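Q: Can you walk me through this one? I have not looked at it before.

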Amino acid sequence: MTTTENTDFEAKYGSDTRTVTLRVNGKDVTREVATRTTLADFLRDDLDLVSVHLGCEHGVCGCCTVLLDGGSVRSCLMLAVQAVGHEVSTVESLSADQNNLHPIQEAFAEEQGLQCGFCTPAMVLRAQEILADGKERSDDEVRHEISGILCRCTGYQNIINAVQNAGRKLRCGGAGSCGAGHEADKSKGA
Ligand code: FES
Ligand code: FES
């Protein structure tokens, strides 16, 4: 926003601020925020959690998805002050070490479930949410469950393969101890 636009916006909507404490990725963080600050802007601008990607900023693309108490929400449609008292998780919560990836992240890498990566943090978090029940899923079931997040690159099939691969990893603890193998299924193609 330009200075003039910002002044107009504040005249119309006010510039109230509030000190909030949010629990993000397992830690309590306290900041003073304008009450109109979205959760997405708070995570990106105040906490530097730039895995939260802003595409449309009005609830369509799903790329700003984060988990709120384990359930996916569009952080562009929620205010930071509304998240007080809830547990917010971004993809940074899965692994702080690129050499020690979470099984879901491993599966996305193995199946080439990403290209530009813009939708990937949202897809990985959505996978974490849906796989929490430990159930196997068909292609159609995964396709339906990730349909709220738009991917402009992959054609979705490799993301579906990645979610299914991640499910297998999580069901056996991720170490291949079930003997079923966790290699990318090359027969499914690109
Ligand atoms: S940026 Fe939030 S849904 Fe598109
Ligand atoms: S990998 Fe580019 S938008 Fe999904």
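A short exchange about the sheet, the helices, the core and a few loop residues follows.

Q: What kind of model is this?
A: It is a predicted model.

Q: OK, the sheet then. What is the strand order, and how is the pairing described?
A: The order is β2-β1-β5-β3-β4, five strands in an open sheet. The pairing is mixed.

Q: Which strands are at the edges?
A: β2, residues 27-34, and β4, residues 71-74. Each of these pairs on one side only.

Q: How many degrees are neighbouring strands turned against each other?
A: On average 45 degrees, with direction ignored.

Q: Which helix packs on the sheet?
A: Helix α4, residues 120-131, packs there and touches β3 and β4. The direction of α4 makes about 30 degrees with that of β3.

Q: New topic: α6. How many residues does α6 have, and how far does it reach?
A: α6 is residues 157-171, which makes 15 residues. From its first C-alpha to its last it reaches 21 Å, close to the 21 Å expected at 1.5 Å a residue.

Q: Why is α6 described as largely enclosed?
A: Because eleven of its 15 residues are buried, α6 is largely enclosed by the rest of the structure. The cut-off for buried is 20 or more other C-beta atoms within 10 Å. Among the buried residues are Asn158, Ile159, Val163, Gln164 and Lys169.

Q: What do those buried residues pack against?
A: The buried residues of α6 pack against α3 (103-110), α4 and α5 (139-145).

Q: What comes after α6?
A: Gly173 follows α6, and its phi is positive, near 85 degrees.

Q: Now the nonpolar core. Which residues in the largest one touch the most other members?
A: Met123 and Val163, out of 41 residues in that core.

Q: Which elements give two or more residues to this core?
A: β1 (17-24), α2 (39-46), β3, α3, α4 and α6. The largest share, six residues, comes from α4.

Q: Which domains does this core draw on?
A: Domain 1 (17-92) and domain 2 (103-185), with at least three residues from each.

Q: You mentioned Val163. What does Val163 touch?
A: Ala127, Val142 and Ile146, not counting residues up to four places away in sequence.

Q: Last topic, the loops. Where is Cys56?
A: Cys56 is in the loop between α2 and β3. Cys56 counts as partly exposed because it has 13 C-beta neighbours inside 10 Å.

Q: How far apart are Cys56 and Cys76?
A: They are 20 residues apart in sequence and 8.8 Å apart in space, C-alpha to C-alpha.

Q: What is the phi of Glu57?
A: About 60 degrees, a positive value, although Glu57 is not a glycine. Most residues other than glycine have a negative phi. Glu57 is also found in the loop between α2 and β3, and with 15 C-beta neighbours inside 10 Å it counts as partly exposed.

Q: And Gln112, what is its phi and where is its place?
A: Phi of Gln112 is near 55 degrees, again positive in a residue other than glycine. Gln112 sits in the loop between α3 and α4. Gln112 is partly exposed, with 14 other C-beta atoms within 10 Å.

Note on methods. Residues numbered from 1 in each chain as written. Chains lettered and ligands numbered in written order. Predicted model: local features only at pLDDT ≥ 70, side-chain atom pairs only at ≥ 80, totals over all residues. Pairing = 2+ DSSP bridges. Helix = DSSP H or I, 4+ residues; strand = E, 2+ residues; numbered from the N terminus. Axes fitted to C-alpha atoms, helices over the stretch in contact; angles between N-to-C directions. Contact = placed C-beta atoms within 7 Å. Expected span 1.5 Å × (residues − 1). Buried ≥ 20, exposed ≤ 12 C-beta atoms within 10 Å, placed from the backbone. Core = buried A, V, L, I, M, F, W, Y, C linked by C-beta atoms within 7 Å. Domains from an automatic or database assignment.
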